Amino acid sequence: MRFLMLAVVALAMTGCASNVVTDYNSSVVFGNYSSWAFAGGTDSSSFTSLDGTRVRSAVERELNRKALKQVPEAEADLLVSWQIVPEERLEQTGLGLGFGFGSGNFGWALSAPPPVREIEEGKLVLELADSKSKEVVWRAASRRYLNENQSPETRRELIDEVVAEMFTKYPPGLD
């Protein structure tokens, strides 16, 4: 019974953990912003990547839900910028090997850890900047990662979920 209670508490606590971290300028009145545009130069090349199209679509949907109007960049109150920041992490896979021998209170053993491989993943970072001052007023970063092993549908779903969660924290102070 005690194990079941601990499992329920642990599950409830992991459900409360946020997959998004936000930061904002506390001196800004976010109610003054009514329009937005993607900042020029958001994409690193002349083409929009597949993930870029997914991010743009998700951002447009979420800002429309916030009743902000998309306008040309020159007329916008907020400029939206995003990037997928590459991060590397180490992952151990497989089993470690070991052997040993001994007798009584004395023995010897050798072991080798499981193999380690480097994995490159991408973290989505969104920034909203005031168009007049060109200063970032709100920033959100995902704790969930994109990687090359994900299918296109999985990538789209992950981006949609992350962007939606990011904008649950916009405008700030409504938590």
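**Fold, cavity and aromatic pairs of the predicted model**

Of the 175 residues of the protein chain, 31% count as buried, where buried means under 20% relative accessible area, exposed over 50% and partly exposed in between, computed with a 1.4 Å probe on protein chains only. The model is predicted, and local features therefore need pLDDT of at least 70, side-chain atom pairs count only at pLDDT 80 or more, and totals for chains, interfaces and linings use all residues. Residues are numbered from 1 along each chain as its sequence is written, and side-chain values use heavy atoms, with hydrogens and water left out.

The protein chain holds 3 helices and 8 strands; helices (H or I, at least four residues) and strands (E, at least two) are DSSP runs numbered from the N terminus. Read from the N terminus, the order of elements is α-β-β-α-β-β-β-β-β-β-α. Among contacts with a separation of 6 or more, 73% are between residues 24 or more positions apart, a contact being heavy atoms within 4.5 Å.

Helix H3 has 16 residues and spans 23 Å from its first C-alpha to its last, close to the expected 22 Å at 1.5 Å a residue; the expected span is 1.5 Å times one less than the number of residues. Arg155, Leu158, Ile159, Asp160, Val162, Val163, Met166 and Phe167 are the buried residues of H3. These buried residues pack against strand S1 (20–24), helix H2 (50–65), S7 and S8.

A search of the whole structure for cavities of 30 Å³ or more returns 1. On a 1 Å grid over the protein atoms alone, a cavity is a set of points where a 1.4 Å probe fits but cannot get out, and lining residues have an atom within 4 Å of a point. Grid points are joined across faces, edges and corners, and a volume is the space filled by probe spheres set on the points. The largest cavity contains about 50 Å³ of space. Its lining is made up of Gly122, Lys123, Leu124, Ser142, Arg144, Tyr145, Leu146, Leu158, Ile159 and Val162. Two or more lining residues are given by each of strand S7 (116–130), strand S8 (136–146) and helix H3 (152–167). S8 supplies the largest share, 4 residues. By class, the lining has 6 nonpolar, 2 polar and 2 charged residues; Ala, Val, Leu, Ile, Met, Phe, Trp, Tyr, Cys and Pro count as nonpolar, Asp, Glu, Lys and Arg as charged, and the others, Gly among them, as polar.

Rings of Phe, Tyr and Trp (its six-membered ring) pair if their centres lie within 6.5 Å, with planes under 30 degrees apart counted as stacked, over 60 as edge-to-face and the rest as tilted. The count by this rule is 7 aromatic pairs. One of them joins Tyr24 and Phe30 edge-to-face, at 6.3 Å centre to centre and 75° between the planes. Tyr24 is partly exposed, with a relative accessible area of 41%, whereas Phe30 is buried at 11%. Trp36 and Phe38 have ring centres 5.0 Å apart and planes at 85°, so this pair is edge-to-face. Trp36 is buried at 0% relative accessibility, and Phe38 is buried at 8%. A cluster linked by ring pairs comprises Tyr24, Phe30, Tyr33, Trp138, Phe167 and Tyr170.

Trp36 is placed in strand S2 (residues 35–38). Residues up to four places away in sequence not being counted, Trp36 touches Val59, Glu60, Leu63, Leu68, Lys69, Gln70, Val71, Ala76, Leu78 and Val80.

Most residues other than glycine have a negative phi, and most peptide bonds are trans. Tyr170 and Pro171 are joined by a cis peptide bond with omega of about -10°, and Pro171 is found in the segment after H3. Ala67, which is not a glycine, has a positive phi of about 65°. Ala67 lies in the loop between H2 and strand S3 (69–70) and counts as exposed at 65% relative accessibility. Lys134 likewise has a positive phi, near 60°. The loop between S7 and S8 holds Lys134, which is exposed at 58% relative accessibility.

Key. On a 1 Å grid over the protein atoms alone, a cavity is a set of points where a 1.4 Å probe fits but cannot get out, and a pocket is an open set with protein on both sides within 12 Å along at least five of seven lines; lining residues have an atom within 4 Å of a point.
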